[in-house]
Amino acid sequence: MLLFTAFNSCFAGGEKKLTGARSSSIGGASVAISDVWSAFNNQAGLASLKQSFFGVYFENRYSLKELSYKAAVFAHPTKLGTLAFDVSHFGFSLWNESKAGLAYARSFGKYVSFGAQLDYILINKGEPYGRFQMVTFETGLLANLSPKMVIGAHLYNPLNARIAKLSDERAPSGVNFGLAYHASKQFLITSEVEKFIDEKINIRTGIEYYLVDALAIRTGISTQPAQFSFGVGLNVRKFTIDISTCRHQVLGFSPQASISYAID
């Protein structure tokens with residue numbers, strides 16, 4: 001029953017999945033922040049990368065191995081914009097979902113960045129249902145209102161792509177809109193609103209504070225589902241290591257970890 005509840009409250013097929021332990025630790029309020037994990041959360045954030053990055057991520061949702069989520073990303077900035085390729089896998093042998101995405105992001109002047117990604121998703125529902133595949137896309141926008149204030153917007157699966165040909169089962173379409181306020185070089189406050197078809201509005205809020213240049217502490221909350229999150233980030237030479245966990249009042253803890261490497 002617990003596993004059934006977790007599947008129905010989290011993933012049904014083709015949903016957008018929050019990725020990166022930094023994002024998870026601030027309640028998921030990541031639509032207005034920029035890092036290599038923007039390849040999953042808001043592709044416009046990739047435009048600000050100055051170096052190539054490779055990253056891997058792992059999440060054990062509600063401490064159940066059947067709900068494990070793994071992802072990897074490579075992003076490379078060029079003179080014409082940033083290119084990124086990402087892959088992910090969720091689930092176990094009887095039900096799993098794999099995704100591959102190709103993203104492009106570019107800045108237009110100092111104030112606006114745009115990103116888009118083409119997604120291929122393969123869903124294996126096991127016997128007797130078999131496999132299903134779909135193609136969709138997502139787009140994102142970032143705007144610098146001031147040196148301290150950034151707003152972000154992200155649209156996922158705007159065509160409401162169909163998962164199964166013989167039925168009208170479709171992947172959900174959704175939009176995220178939020179802001180990030182850099183109160184100082186060390187202190188960040190971020191918040192966003194997320195709305196998917198047939199789901200309640202999800203409000204996410206988080207804060208990030210750098211105790212020293214190499215060490216950050218983070219915390220956040222979200223409303224759908226109601227969760228509290230916290231985590232730490234460590235910058236060691238070219239490595240960025242983030243560890244976080246979220247706690248659902250009924251289903252328990254979901255530990256996450258991600259590591260990225262800056263390539264010269």
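Predicted model: local features only at pLDDT ≥ 70, side-chain atom pairs only at ≥ 80, totals over all residues.
I'll start with the salt bridges. A search of the whole structure turns up 11 of them. I'll go through a few.

Take Glu 138 and Lys 99. Their side chains form a salt bridge, with N to O at 3.3 Å. Glu 138 sits in strand E6, residues 131-144, and Lys 99 in strand E4, residues 95-108, so this contact ties together parts that are 39 residues apart in sequence. Are these two residues buried or exposed? Both Glu 138 and Lys 99 are buried.

Next, Arg 218. What does Arg 218 form a salt bridge with? One partner is Glu 208, and the closest N and O atoms are 2.6 Å apart. This pair also links distant parts of the chain: Arg 218 is in strand E11, residues 215-223, while Glu 208 is in strand E10, residues 202-212, 10 residues apart. Arg 218 has a relative accessible area of 6%, and because the cut-off for buried is under 20%, Arg 218 counts as buried. Glu 208, at 5%, is buried as well.

Arg 218 also meets Asp 242 in a salt bridge, at 2.9 Å from N to O. Asp 242 belongs to strand E13, residues 239-248, and Arg 218 to strand E11, so here the parts tied together are 24 residues apart in sequence. Asp 242 is buried too, with a relative accessible area of 5%.

Now the rings. The whole structure has eight aromatic pairs. One of them is Phe 187 with Tyr 209: the centres are 6.2 Å apart and the planes are at 65°, so the pair is edge-to-face. Phe 187 lies in strand E9, residues 187-196, and Tyr 209 in strand E10, 22 residues apart. As for accessibility, Phe 187 is partly exposed at 27%, and Tyr 209 is partly exposed at 38%. Elsewhere, ring pairs link Trp 37, Phe 40, Tyr 57 and Tyr 69 into a cluster.

Last, charges over rings. Where does the charged end of Arg 61 sit? It is over the ring of Tyr 62, 5.6 Å from the ring centre. The charged end of Lys 125 sits over the ring of Phe 132, at 5.3 Å from the centre.

That's the end of my list.

Technical notes. Residues numbered from 1 in each chain as written. Heavy atoms only, no water. Salt bridge = Lys/Arg side-chain N within 4 Å of Asp/Glu carboxyl O. Helix = DSSP H or I, 4+ residues; strand = E, 2+ residues; numbered from the N terminus. Buried < 20%, exposed > 50% of the residue type's maximum accessible area, 1.4 Å probe, protein only. Phe/Tyr/Trp six-rings, centres within 6.5 Å; stacked < 30°, edge-to-face > 60°. Lys NZ or Arg CZ within 6 Å of the ring centre and 35° of its normal.
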